[in-house]
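Subject: Structure for you to look at

Hello,

Here is the structure I said I would pass on. Please open it first, then read the notes below.

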Amino acid sequence: MPEEVDAPEPIGLDYPMAYLPDLAQRRPRLTNAQTRIRIGSTKKRATSADKPAVITEAVEFWQLAGAAANVVMQLGWTEVAYGVMESKVESGSLMKHPWKRARTTTQYLSVAILGTEEERIALRKAIDSAHRHVKSDADSPVKYNAFNRELQLWVAACLYVGLEDTHQLLHGLMSEDDAELFYQTGKVLGTTLQVTDEMWPATRKDFDVYWNTACERVVIDDRTHAYLNDLVDLKMINPFIRLPFKHMLRFLTVGFLPPIYQEQLGLVWTDRQRRSFEALFRFVSTTNRFLPAWLRRGGANAAMVDFRWRRSHDKALI
């Protein structure tokens, strides 16, 4: 790992961190090559006034391909991992109710990105009601609380990384200007919950500093290792549904995991598999551009219809 360098340039993050060191006083020990997946395509994103690089462009069906990997990433922080594994909110348990959890996650992304401010506030209140029960007790190996804003920032950052990676796999690499615009519109992933504007790193460059530093905290202990490997193998899904797609789903999940996670989980990802992953998304990228927007965004649109129906009929939102 590269040596720590003193007196780096300050970054735009005004919120004091409890879990991380002062980001203005040191540089990350990890690099993007360790903490992000490789985007093999050299194709540059085609830009136009009609299709700006904004987060709403990332709400597509194929974002679900990396959903399981994104959960693994979020659980890389032990506080989040034990918050999920020990959660007393059984109705939201990933292992017991995977489809409900998938629906609520898709709904969160859809409302945060496509919803109105009033709808985001309504969703925040519903999630807060569940988060009140997610906190450590005397028997927990680590202390955690789902209302902790820094933990929520980490989860939101994982969601952002997943959306940015998928968007670039489908649409090509973004220029610095496009990446900055995409990033700025992505802060709703955190601010829809407890993350404040000043907590979200000010620029896309600042985000890299935050992300690579935050990834230094990724530690997967034995209990989390077993839990995450079950997740990678999608063992929470009915075998009759899982088995026909097992190898493809595992391939996608491992492919969407950054090297630091693959190493800690002991997952094999060869150069041949990486090339196959990149070839798959080159093919998907080509076919995807011929699909109408309503079809590509069908899942998000359906989630919004369901959310609005639930809200108008006074039903539980999550």
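**Salt bridges**

The side chains of Glu 216 and Arg 29 meet in a salt bridge, with 3.4 Å from N to O. The term means a side-chain nitrogen of Lys or Arg within 4 Å of a carboxyl oxygen of Asp or Glu. Glu 216 lies in the loop between α9 and α10 (222-232) and Arg 29 in the segment before α1, so this pair ties together parts that are 187 residues apart in sequence. The helix labels follow DSSP runs, numbered from the N terminus: helices are H or I with at least four residues, strands are E with at least two.

Before going on, note that this is a predicted model, in which local features need pLDDT of at least 70 and side-chain atom pairs count only at pLDDT 80 or more, while totals for chains, interfaces and linings use all residues. Residues are numbered from 1 along each chain as its sequence is written, and side-chain values use heavy atoms, with hydrogens and water left out.

Buried means under 20% relative accessible area, exposed means over 50%, and partly exposed is in between (1.4 Å probe, protein chains only). Glu 216 is partly exposed because its relative accessibility is 26%, and Arg 29 is partly exposed at 34%.

A second pair is Glu 60 and Arg 296, whose closest N and O atoms are 3.6 Å apart.

Arg 250 is in helix α12 (residues 246-255) and Asp 233 in the loop between α10 and α11 (239-242), 17 residues apart. Arg 250 is partly exposed, with a relative accessible area of 29%. Elsewhere, salt bridges that share partners join Arg 36, Glu 164, Asp 165, Arg 204 and Asp 208 into one network. The structure holds 18 salt bridges.

**The second largest pocket**

This pocket has a volume of about 570 Å³. A pocket here is an open set of points on a 1 Å grid over the protein atoms alone, where a 1.4 Å probe fits, with protein on both sides within 12 Å along at least five of seven lines; lining residues have an atom within 4 Å of a point. The volume is the space filled by probe spheres set on the points, which are joined across faces, edges and corners.

Which residues lie nearest the centre of the second largest pocket? They are Asn 32, Arg 36, Ile 37, Ile 39 and Gln 168, out of 28 lining residues. Elements that give two or more residues to the lining include α1 (32-35), α6 (149-171) and α14 (271-288). α14 gives the most, with four residues.

**One backbone angle**

Phi of Asp 314 is near 55°, a positive value in a residue other than glycine. Most residues other than glycine have a negative phi. Asp 314 is in the segment after α16 (298-312) and counts as exposed, at 72% relative accessibility.

Regards
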